[in-house]
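Have the structure open beside you as you read.

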Amino acid sequence: MSISYKKISDGGLLLSLLPGMRTKLYLGTDHLLLIEQFILVERYKRFYFRDIQAITETKSPRWIVLGLIWGFLALLSALLLIPHNPVTLTFGTLFTAFFGLAFIHNILSGPTCIVRLQTAVQTHRFAPLERIRDFSSGMEIIVPLIQNAQG
Amino acid sequence: MVAFLSCPHCSQRLPVDRFVSGQPAPCPACNRQVAAYVFPAFDRDNSSRPEIHLAQEGEAVCFFHSRYGAVSPCDNCGRFLCETCLITVGSRKLCADCVSHARRQKDQTGLVNHAALFDNVALLLVTLPLVTVVFAFLTILSAPVSLFLALFYWSRQWSLLPRSRLRFVIASFLAVLLIAGWALLIYYLVTNSEQFTHTL
């Protein structure tokens with residue numbers, strides 16, 4: 001069961017910590033392979049270059065919402081550092097570090113978008129490319145291959 | 001059937017002529033800027049069916065349809081196939097029987113559509129009972145199973161793409177610790193059974 005695939009996007013660092021939330025995108029010889037992980041099983045969806053009709057993208061405010069959530073949780077955890085209690089200090093440090101890192105990671109990853117891939121019979125959302133930076137770099141690789149396959 | 005483009009946000013139809021590949025244009029319904037890459041397959045007429053021609057005298061016919069002319073042999077079994085019976089799997093051309101057989105055997109990479117994540121299973125078997133605390137006693141069974149899974153699938157490729165063995169390493173380590181812990185506890189209980197019965 002071995003075949004050569006090249007990774008395009010792995011769905012982000014934070015999502016890799018949550019089993020069941022991860023989607024990854026790989027490039028095959030004549031198709032894109034979307035891997036959707038659901039806790040103990042991963043499903044493979046193949047989109048052949050010859051069948052892809054269009055890829056659409058629009059900006060989404062999700063990264064601002066995520067930034068607000070992570071920022072709020074980091075501040076909330078930082079409140080645990082105020083009382084000079086070893087237990088609250090330990091938990092406060094751990095949670096502030098975790099939510100703070102998530103906040104910074106979200107900011108560094110950049111703006112989010114909604115990406116859909118359209119074929120003659122389906123329109124599928126492409127979660128691994130839903131950061132503008134990932135989408136741009138992914139398109140640089142994918143678009144020429146699709147155009148070549150379709151003449 | 002004419003294809004149409006839809007907005008990724010509101011799913012409304014978009015006028016295709018407004019979109020030059022990659023250049024954003026506003027969606028008429030939600031007014032969001034949408035970038036669309038449109039490929040030649042978009043203009044392809046998908047309603048057209050494969051052309052099936054009736055076999056002329058002396059011409060090879062399809063194994064399944066004796067009236068239709070064959071266009072290609074099956075790459076696996078060699079049966080002659082018409083346009084209708086020909087199934088393309090990756091770079092191979094197969095008949096329905098061989099596709100069905102390959103799906104059962106899972107020997108065609110192009111037909112694998114799911115895989116169980118045995119590394120996650122092994123890890124969950126040792127961590128989940130411990131996390132729940134109440135069900136920690138279940139590790140007497142789950143730890144050996146986890147260790148077996150880690151050893152059995154260590155060198156086998158069970159998913160389409162190779163995965164890191166880190167989860168197997170953590171699962172094996174925890175499983176060995178738990179098995180050793182249970183062994184010590186059972187040994188202690190057995191060697192001190194007389195003392196226990198005496199106490200009771």
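Before we start, one working definition: two strands pair if DSSP finds at least two bridges between them. Please also keep in mind that this is a predicted model.

In chain A, strand 3 (residues 31-38) and strand 4 (residues 41-48) run antiparallel and are joined by 8 bridges. One of the pairs to look for is A:Ile35, whose bridge partner in strand 4 of chain A is A:Tyr44.

## Where the chains meet

Chain A contributes 33 residues to the contact and chain B contributes 32 residues. On the chain A side, the elements giving two or more residues are strand 4, strand 5 (54-60), strand 6 (112-118) and helix 4 (132-149) of chain A. Strand 5 of chain A provides the largest share, 6 residues. Sorted by class, the side of chain A that touches chain B has 18 nonpolar, 8 polar and 7 charged residues.

Strand pairing also crosses between the chains. Strand 4 of chain A pairs with strand 9 (residues 114-116) of chain B in the antiparallel sense, over 3 bridges, and A:Val41 stands opposite B:Ala116 there. Strand 5 of chain A is antiparallel to strand 4 (residues 33-38) of chain B, with 5 bridges; here A:Ile55 stands opposite B:Tyr37.

## A helix pair in chain A

Helix 2 (residues 62-78) of chain A packs on helix 3 (residues 86-109) of chain A at an angle of about 160 degrees, and their axes are 8 Å apart. Angles over 145 degrees count as roughly antiparallel, so helix 2 of chain A is roughly antiparallel to helix 3 of chain A. Their crossing is left-handed.

Residues in this contact include A:Trp63, A:Leu66 and A:Trp70 from helix 2 of chain A, and A:Phe95, A:Phe99 and A:Phe103 from helix 3 of chain A. By class, the contact has 11 nonpolar, 7 polar and no charged residues.

## A helix pair in chain B

In chain B, the axes of helix 3 (residues 139-152) and helix 4 (residues 166-191) come within 8 Å and cross at roughly 140 degrees. Helix 3 of chain B and helix 4 of chain B are therefore oblique to each other, and the crossing is left-handed.

Among the residues that meet are B:Ile140, B:Pro144 and B:Leu147 in helix 3 of chain B, with B:Phe168, B:Val176 and B:Trp182 in helix 4 of chain B. This contact has 12 nonpolar, 3 polar and no charged residues.

Key
Residues are numbered from 1 along each chain as its sequence is written. Chains are lettered from A and ligands numbered from 1 in the order in which they are written. This is a predicted model: local features need pLDDT of at least 70, side-chain atom pairs count only at pLDDT 80 or more; totals for chains, interfaces and linings use all residues. Axes are lines fitted to C-alpha atoms, for helices over the stretch in contact, and angles run from 0 to 180 degrees between N-to-C directions. Helices (H or I, at least four residues) and strands (E, at least two) are DSSP runs, numbered from the N terminus. Angles under 35 degrees count as roughly parallel, over 145 as roughly antiparallel, 65 to 115 as roughly perpendicular and the rest as oblique. A crossing is left-handed if the near helix is turned anticlockwise from the far one by less than a right angle, and right-handed if clockwise. Two residues are in contact if their C-beta atoms, placed from the backbone, lie within 7 Å. Ala, Val, Leu, Ile, Met, Phe, Trp, Tyr, Cys and Pro count as nonpolar, Asp, Glu, Lys and Arg as charged, and the others, Gly among them, as polar.
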